[in-house]
Amino acid sequence: LNLVIDNHAQWFVVVPGALNLVQGPTNYHDFLKMGVKPECLRLAGHWIPRDLVEGIPSACERRTKRCQSKPRKPLRMIVPVGGAGAQRKFVTKLVRALSPLVKEGKVQLFLNAGDHAHMKTAFMDVLTECALPYDHVRDMKGVKGFRDELLTDYDTSEPGKAVTLFAFDDYFTAVATTDILCNVADVLACKPSELAFYPIPKLMIRRVGDHEYYSALRASELGDGTLEAREIDEALRYVQLMLEPEMLTSMNKAILNNNKIGLYDGCKNAIKIALERAEKMK
């Protein structure tokens, strides 16, 4: 089995002779047009960690309650840096632009620098420049403790500071942090990478590769994300809309509806298909 990434059909992401599982119908149709044999292709759903899928009902309920609260609770945004760490300029500009909202208590930032030392430095520099105090989480124990503390009493628990910087020495913790924090964040602000398929309201920021455009388009059409915001002003406009209840309420409803039809069950379906094929080979 080959689990195909992205939402843009390209030859190098399919494997001849394998059963290629895709996340959405656009990829499925385009690969058929390209000449991939139907028996080598199947629509499976989005590649999502099990904990995130199982947590969809409770996470959406928490987010909806939070965005409809009066007075409005701060908008919690998790901002991860992509695997190559190639977003330094845009992301630091975004943090700088969001700093007034952070100081006003309207936005909280969970900044995941991953295992990129240059992004850790860039985040620290812009936070110092903007006079934004922050807490620093350095390991998996700290990540899980941060999440667990916010879940203790979701109505009253808040981070120690409005900005939390997550930066690590190892790759696994860097990647897992975004998965762990999604259930306690209101919005995921990221480029339209594989995270564009995640079951959390998403602010899609400027892409790195042109193929990523199509992943943002899928998120927008499914109702669980925005179109790509290529400029800071455009991203800020979306943030302002997310400070009102309508957009996030709509996105969380879309996630719940998508989950009911199994749209986020790609990994589960891939395992099921693998087991069925293994049984037939006995």
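Is A131 buried or exposed? In this predicted model, in which residues are numbered from 1 along each chain as its sequence is written, local features need pLDDT of at least 70, side-chain atom pairs count only at pLDDT 80 or more, and totals for chains, interfaces and linings use all residues. Side-chain values use heavy atoms, with hydrogens and water left out. A131 is exposed, with a relative accessible area of 56%, where exposed means over 50%, buried under 20% and partly exposed in between (1.4 Å probe, protein chains only).

A131 belongs to the loop between α5 (117-129) and β6, helices (H or I, at least four residues) and strands (E, at least two) being DSSP runs numbered from the N terminus. Although A131 is not a glycine, its phi is positive, at about 55 degrees. A positive phi, near 65 degrees, is also found in D6, a residue other than glycine, which is located in the loop between β1 (2-3) and β2 (20-22); D6 counts as buried, at 7% relative accessibility. In the loop between α3 (56-67) and β4 lies P71, which is joined to K70 by a cis peptide bond with an omega of about 0 degrees. In general, most residues other than glycine have a negative phi, and most peptide bonds are trans.

Six strands form an open sheet in the order β6-β7-β5-β4-β8-β9, with parallel pairing, two strands being paired if DSSP finds at least two bridges between them. Because β6 (134-137) and β9 (202-204) stand at the edges, each with a single partner strand, one side of each is left without a neighbour in the sheet. Within the sheet, β5 (residues 107-114) pairs with β7 (residues 163-167) in the parallel sense over five bridges, and L109 has V163 in β7 as its bridge partner. Helix α4 (residues 88-103) packs on the sheet and touches β4 (75-80), β5 and β7, its direction making about 155 degrees with that of β5; contact means heavy atoms within 4.5 Å.

Helix α7 lies across β4, β5, β7 and β8 (187-190), running at about 155 degrees to β5. The axes of α6 (residues 140-152) and α7 (residues 171-181) come within 10 Å and cross at roughly 5 degrees, where axes are lines fitted to C-alpha atoms, for helices over the stretch in contact, and angles run from 0 to 180 degrees between N-to-C directions. Helix α6 is therefore roughly parallel to α7, a term for angles under 35 degrees. In their contact, M140, V143, K144, F146 and R147 of α6 meet F172, T173, A176, T177, I180 and L181 of α7.

Key:
Parallel < 35°, antiparallel > 145°, perpendicular 65-115°, else oblique.
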